[in-house]
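I opened this notebook to keep track of what I looked up. The entries follow the order of my reading.

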Amino acid sequence: RQPDAELLDDQGRPVARHGANFSFEHRDGSRLLGTVEAHDKAASADTLPWLLLSTRSFGTGALSGITYVQRIETRGGMPPPSCAAQEANRLLRVEFDATFVFYRPRA
């Protein structure tokens, strides 16, 4: 239905959230809203595709001026092909890992 992911820095500390409509919100309050520009199939059917997003930034902070985000090196994230009867009409959380690369123009 929608992503709900915590983004970690190189030291494994939480710094941002990734949510619905390809949105990102940094802990400093700066935000991005993305639009899919390109995608590439993942290596397996249970893995999210790689994406290139163009973005609009809002607020002042770490995400200010970011114009593109790539989602690469994905692992997992796709729902299973079917569910058991007891799982019907329940929200399913599917784990995934990915690398997000943020781009801003050079000054």
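**Salt bridges**

I began with the charged side chains and found that Asp4, Arg17 and Arg93 are linked in a network of salt bridges. I count a salt bridge when a side-chain nitrogen of Lys or Arg is within 4 Å of a carboxyl oxygen of Asp or Glu. The model is predicted: local features need pLDDT of at least 70 and side-chain atom pairs count only at pLDDT 80 or more, while totals for chains, interfaces and linings use all residues. Residues are numbered from 1 along each chain as its sequence is written, and side-chain values use heavy atoms, with hydrogens and water left out.

How many salt bridges does a search of the whole structure find? It finds three. I noted the pair Arg17 and Asp4, whose closest N and O atoms are 2.4 Å apart. This pair links distant parts of the chain, with Arg17 in strand E2 and Asp4 in the segment before E1, 13 residues apart. Strands (E, at least two residues) and helices (H or I, at least four) are DSSP runs, numbered from the N terminus.

I then looked up Arg93, which forms a salt bridge with Asp4, the closest N and O atoms being 3.8 Å apart. Arg93 lies in the loop between E6 and E7 and Asp4 in the segment before E1, so the pair ties together parts that are 89 residues apart in sequence. I also listed Asp9 with Arg13, where the closest N and O atoms are 2.9 Å apart.

For accessibility I use these classes: buried is under 20% relative accessible area, exposed is over 50%, and partly exposed is in between (1.4 Å probe, protein chains only). Arg17 counts as partly exposed at 37%, and Asp4 is partly exposed at 44%. Arg13 is partly exposed too, at 46%, whereas Arg93 counts as exposed at 59%.

**The sheet**

Next I traced the strands. Seven of them form an open sheet in the order E1-E2-E3-E4-E5-E6-E7, with antiparallel pairing. Two strands pair if DSSP finds at least two bridges between them. Which strands stand at the edges? They are E1 (5-8) and E7, each with a single partner strand, so one side of each is left without a neighbour in the sheet. Neighbouring strands of this sheet are turned by 30° against each other on average, direction ignored. The axes are lines fitted to C-alpha atoms (for helices over the stretch in contact), and angles run from 0 to 180 degrees between N-to-C directions.

I checked some pairs. E2 (residues 14-19) and E3 are joined by four bridges, and Ala16 has His26 in E3 as its bridge partner. Four bridges also join E5 (residues 50-58) to E6 (residues 68-76), where Ser54 stands opposite Tyr68. E6 pairs with E7 (residues 96-103) over seven bridges, and Ile72 stands opposite Thr99 there.

**Two residues of E3**

Is His26 buried or exposed? His26, in strand E3 (residues 23-26), is buried at 16% relative accessible area. Not counting residues up to four places away in sequence, His26 touches Val15, Ala16, Ala62 and Leu63; contact means heavy atoms within 4.5 Å.

Phe24 is also found in E3 and is buried at 2%. Leaving aside neighbours within four places in sequence, the contacts of Phe24 include Leu7, Arg17, Leu53, Val69 and Phe100. Phe24 and Thr67 are 43 residues apart in sequence and 12 Å apart in space, C-alpha to C-alpha.
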